[in-house]
Amino acid sequence: NRLEKHFLMILSKEKILSKKLLEKVVVSKSGKKFGEVGDLIFDTKTGEILDFTIINPTKYVKDVSLEKDTNGDFLVPFHSVIAIGDFVVISEEDIL
């Protein structure tokens, strides 16, 4: 995914960017709010972001069948991210 590779390239050059990603509001491209970005889950060998957790999940997230981590937090696959700006926009089709 080009966006993911571009983000990782920026992330390796400017570590503060990952901090800026945390707590951004997560919305679907149809405008449904999921919550906010919690923790980022990386592949320790490649540095690739695999997933992120959702904090302050909305009722909508609870109705979607997302995987959960060992703490019970909802996991969103990073490959579902289609844009990062004021919000993290995800494609619902890639998580359902």
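What follows is a conversation about a predicted model, its sheet and a few of its residues.

Visitor: What makes β1 and β6 paired strands?

Guide: Two strands pair if there are at least two bridges between them. Four bridges join β1 (residues 25-28) to β6 (residues 87-90), so the pair meets the cut-off of at least two. These two strands run parallel. Val26 stands opposite Val88 in β6.

Visitor: How do you know that β1 also pairs with β2?

Guide: The rule asks for at least two bridges, and β1 and β2 (residues 33-42) have three, so they count as paired. The sense here is antiparallel. One place to look is Val27, whose bridge partner in β2 is Lys33. The hairpin of β1 and β2 has four residues between the strands. There, Gly31 takes a positive phi near 95°.

Visitor: And what joins β2 to β3?

Guide: Five bridges do, with β3 covering residues 49-55. The cut-off is at least two, so this is a pair as well. The strands run antiparallel. Val37 has Ile54 as its bridge partner in β3. Six residues lie between the strands of this hairpin, and Gly47 takes a positive phi near 80°.

Visitor: Why is the pairing of the whole sheet called mixed?

Guide: Strands of a sheet can pair either parallel or antiparallel. In this sheet, β1 and β6 run parallel, while β1 and β2 pair in the antiparallel sense. The six strands follow the order β4-β3-β2-β1-β6-β5, and the sheet is open.

Visitor: Why are β4 and β5 called edge strands?

Guide: β4 (74-77) and β5 (81-84) each have a single partner strand, so one side of each is left without a neighbour in the sheet. On average, neighbouring strands of this sheet are turned by 40° against each other, direction ignored.

Visitor: Why is Ser91 called buried?

Guide: Ser91 has 4% relative accessibility. Buried means under 20%, so Ser91 counts as buried. Ser91 lies in the segment after β6. Setting aside residues up to four places away in sequence, Ser91 touches Lys29, Ser80 and Ile82.

Visitor: What makes the pair of Ser91 and Glu93 a polar contact?

Guide: Their side chains are joined at 2.7 Å. The limit for such a contact is 3.5 Å, so the pair is within it.

Visitor: How do you know that Glu23 is exposed?

Guide: Its relative accessibility is 57%. Exposed means over 50%, so Glu23 qualifies. Glu23 sits in the loop between α2 (16-21) and β1.

Visitor: What makes the phi of Glu23 worth a look?

Guide: Most residues other than glycine have a negative phi. Glu23 is not a glycine, yet its phi is positive, about 70°. Asn56 is another non-glycine residue with a positive phi, near 50°. Asn56 lies in the loop between β3 and α3 (59-63). At 52% against a cut-off of over 50%, Asn56 counts as exposed too.

Visitor: Why is Lys32 called partly exposed?

Guide: Lys32 has a relative accessible area of 37%. Buried needs under 20% and exposed needs over 50%, so Lys32 falls in between. Lys32 lies in the loop between β1 and β2. Not counting residues up to four places away in sequence, Lys32 touches Val26, Val27, Tyr60 and Glu92.

Visitor: How many residues apart in sequence are Lys32 and Val89?

Guide: They are 57 residues apart in sequence. In space, C-alpha to C-alpha, the distance is 9.7 Å.

Methods:
Residues are numbered from 1 along each chain as its sequence is written. Side-chain values use heavy atoms; hydrogens and water are left out. Axes are lines fitted to C-alpha atoms, for helices over the stretch in contact, and angles run from 0 to 180 degrees between N-to-C directions. Buried means under 20% relative accessible area, exposed over 50%, partly exposed in between (1.4 Å probe, protein chains only). A polar contact is a pair of N or O atoms within 3.5 Å; within protein, one must be able to donate a hydrogen and the other to accept it, and residues adjacent in sequence count only if both atoms are side-chain atoms. Contact means heavy atoms within 4.5 Å.
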